[in-house]
Amino acid sequence: MDLWKLYEMMLRSRLFEESVTRIWNEGFISGEMHLGIGEEGIVAGIVDNLEEGDAMALDHRGTPPMVMRGIPLTSLLKEFMGFKDGLCGGKGGHMHLFSREKAMVSSGILGSSGPAAAGFALAAQYQKAGSLAVAFFGEGTMNQGMLLESMNLAVAWGLPVIFVCKDNKMAISTVSSSVTGGNLLERAASFGMDSYEIDGSDVEICWETARQAAADSRKKKVPSYIHAHCFRREGHFLGDPLLRISKNPLKEIGGIAGSLLKSSVKLKGASVSGRAGSMKTIFSIVGKTARDQIIRPRDPIAVTREKLNKDKQRLENIESRVKAEIDLAVNACSKQGTRGKG
Ligand SMILES: Cc1ncc(C[n+]2csc(CCOP(=O)(O)OP(=O)(O)O)c2C)c(N)n1
């Protein structure tokens with residue numbers, strides 16, 4: 001394991017997504033923007049264990065795997081901005097990405113990474129023995145039928161798939177545990193897969209777990225399940241109202257107080273106790289989001305930087321090189337002109 005390389009991979013993804021944030025805030029990317037900030041440790045650990053021909057099926061937070069697997073940054077950013085010479089002709093945006101060369105696909109349809117990865121793995125059995133496929137998804141998606149069906153078939157047919165659950169505890173504004181029965185690790189294990197629960201902020205643990213899972217997939221032709229805990233720094237998507245309210249309640253509550261009040265006194269609708277229950281849930285989720293902001297989670301990049309801090313010069317060299325790469329991509333896109341023009 002090369003911790004310097006892993007640090008560089010994670011940093012490239014983080015700085016790229018921070019640039020994407022700025023560009024989105026300026027209005028040059030239309031629609032929603034889901035970031036993978038906080039998930040870099042898990043992604044780097046997995047990607048660094050992949051070989052040529054291995055496939056990845058991604059969810060709506062597909063930017064970090066795309067960046068770390070080596071998709072050119074300019075082509076990715078142009079795709080997000082809707083340019084015709086973007087990775088998918090500017091038609092996919094950040095959620096529907098595809099690369100034939102790197103065997104990667106992403107989708108905003110939750111759970112679809114499961115069947116896509118199982119399909120890749122089934123094809124690999126015939127066409128490229130020894131290859132494997134990875135499926136990335138969140139813990140909220142572990143309640144999606146097609147994902148569970150693909151786990152079942154992967155075990156039954158001996159498909160080399162690594163199922164990677166990135167657990168940030170939230171599914172948009174729902175606390176995932178409030179809609180999930182039982183224990184997810186046990187659920188995955190009950191299909192007959194080796195299942196690992198890890199700290200996604202420790203890239204060394206992520207890498208070592210991915211190495212083991214990849215070795216089993218390649219040699220024994222079996223799937224495995226990795227449940228990695230991580231955090232969600234920017235809310236569900238950029239501009240998430242939940243995050244805005246919890247960061248600045250006094251300013252933001254004013255904007256929604258009227259509609260909350262109106263819905264709570266409306267004659268038609270749920271019972272009084274039902275409405276009171278919903279209000280309680282809303283305020284408890286806002287409170288939880290606010291607390292999560294105060295209790296800073298372990299950031300995989302900060303944790304790794306701390307470990308490498310002895311060689312400050314080498315760190316600075318990497319940081320300025322990666323920053324220059326990203327500036328180059330951003331400049332290439334801003335030269336091309338206004339949004340959506342190819
Ligand atoms: C099949 C399907 N159902 C619902 C949605 C709407 N949706 C988008 S993201 C999301 C929450 C996903 O939560 P999780 O799987 O935990 O991933 P996270 O966003 O937290 O990374 C939902 C319900 C969707 N995109 N696809």
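This is a short tour of side-chain contacts in a predicted model, one selection at a time.

**Stop 1**

Select Phe16 and Phe80. A search of the whole structure finds 1 aromatic pair, and here it is: the ring centres of Phe16 and Phe80 are 6.2 Å apart, and with their planes at 55° the pair counts as tilted. Now trace the chain between them. Phe16 belongs to helix H1 (residues 3-25) and Phe80 to helix H4 (residues 73-81), so the pair links distant parts of the chain, 64 residues apart. Are these two residues buried or exposed? Both Phe16 and Phe80 are buried.

**Stop 2: a charge over a ring**

Next, show Trp4 and Arg314. The charged end of Arg314 sits over the ring of Trp4, 4.2 Å from the ring's centre.

**Stop 3: salt bridges**

How many salt bridges does a search of the whole structure find? There are 21. Let's visit some of them.

- Select Lys5 and Asp48. Their closest N and O atoms are 2.5 Å apart. Asp48 counts as buried at 17% relative accessibility, whereas Lys5 is partly exposed at 42%.
- Select Lys78 and Asp85. In this salt bridge the closest N and O atoms are 2.9 Å apart. Lys78 is buried, with a relative accessible area of 11%, and Asp85 is partly exposed, with 42%.
- Select Lys323 and Asp327. Their side chains meet at 3.0 Å, N to O. Both are in helix H13 (residues 312-335), and because they are 4 residues apart there, about one helical turn separates them.
- Finally, select Glu8, Arg12, Arg321 and Glu325 together to see a network of salt bridges.

**Stop 4: the cysteines**

A disulfide is a covalent bond between the sulfur atoms of two cysteines. This structure holds 0 disulfides. Select Cys88: the nearest cysteine sulfur, in Cys333, is 14 Å away. Then try Cys230. Cys230 counts as buried, at 13% relative accessibility, while Cys88 is partly exposed at 23%.

**Stop 5: out on the surface**

Last, select Leu122, Tyr126, Leu153 and Trp157. These residues form a nonpolar patch on the surface, with about 460 Å² of accessible area together. Pick out Tyr126, in helix H5 (residues 113-127): with a relative accessible area of 72%, Tyr126 is exposed.

Key:
Residues are numbered from 1 along each chain as its sequence is written. This is a predicted model: local features need pLDDT of at least 70, side-chain atom pairs count only at pLDDT 80 or more; totals for chains, interfaces and linings use all residues. Side-chain values use heavy atoms; hydrogens and water are left out. Patches are made of residues with over 30% relative accessible area and no salt bridge: like charges are joined within 9 Å, nonpolar side chains (Val, Leu, Ile, Met, Phe, Trp, Tyr) within 5 Å. Accessible areas come from the Shrake-Rupley method with a 1.4 Å probe; for residues, only the protein chains shown count as cover. A salt bridge is a side-chain nitrogen of Lys or Arg within 4 Å of a carboxyl oxygen of Asp or Glu. Helices (H or I, at least four residues) and strands (E, at least two) are DSSP runs, numbered from the N terminus. Buried means under 20% relative accessible area, exposed over 50%, partly exposed in between (1.4 Å probe, protein chains only). Rings of Phe, Tyr and Trp (its six-membered ring) pair if their centres lie within 6.5 Å; planes under 30 degrees apart count as stacked, over 60 as edge-to-face and the rest as tilted. A charge sits over a ring if NZ of Lys or CZ of Arg is within 6 Å of the ring centre and within 35 degrees of the ring normal. A disulfide is a pair of cysteine sulfur atoms within 2.5 Å.
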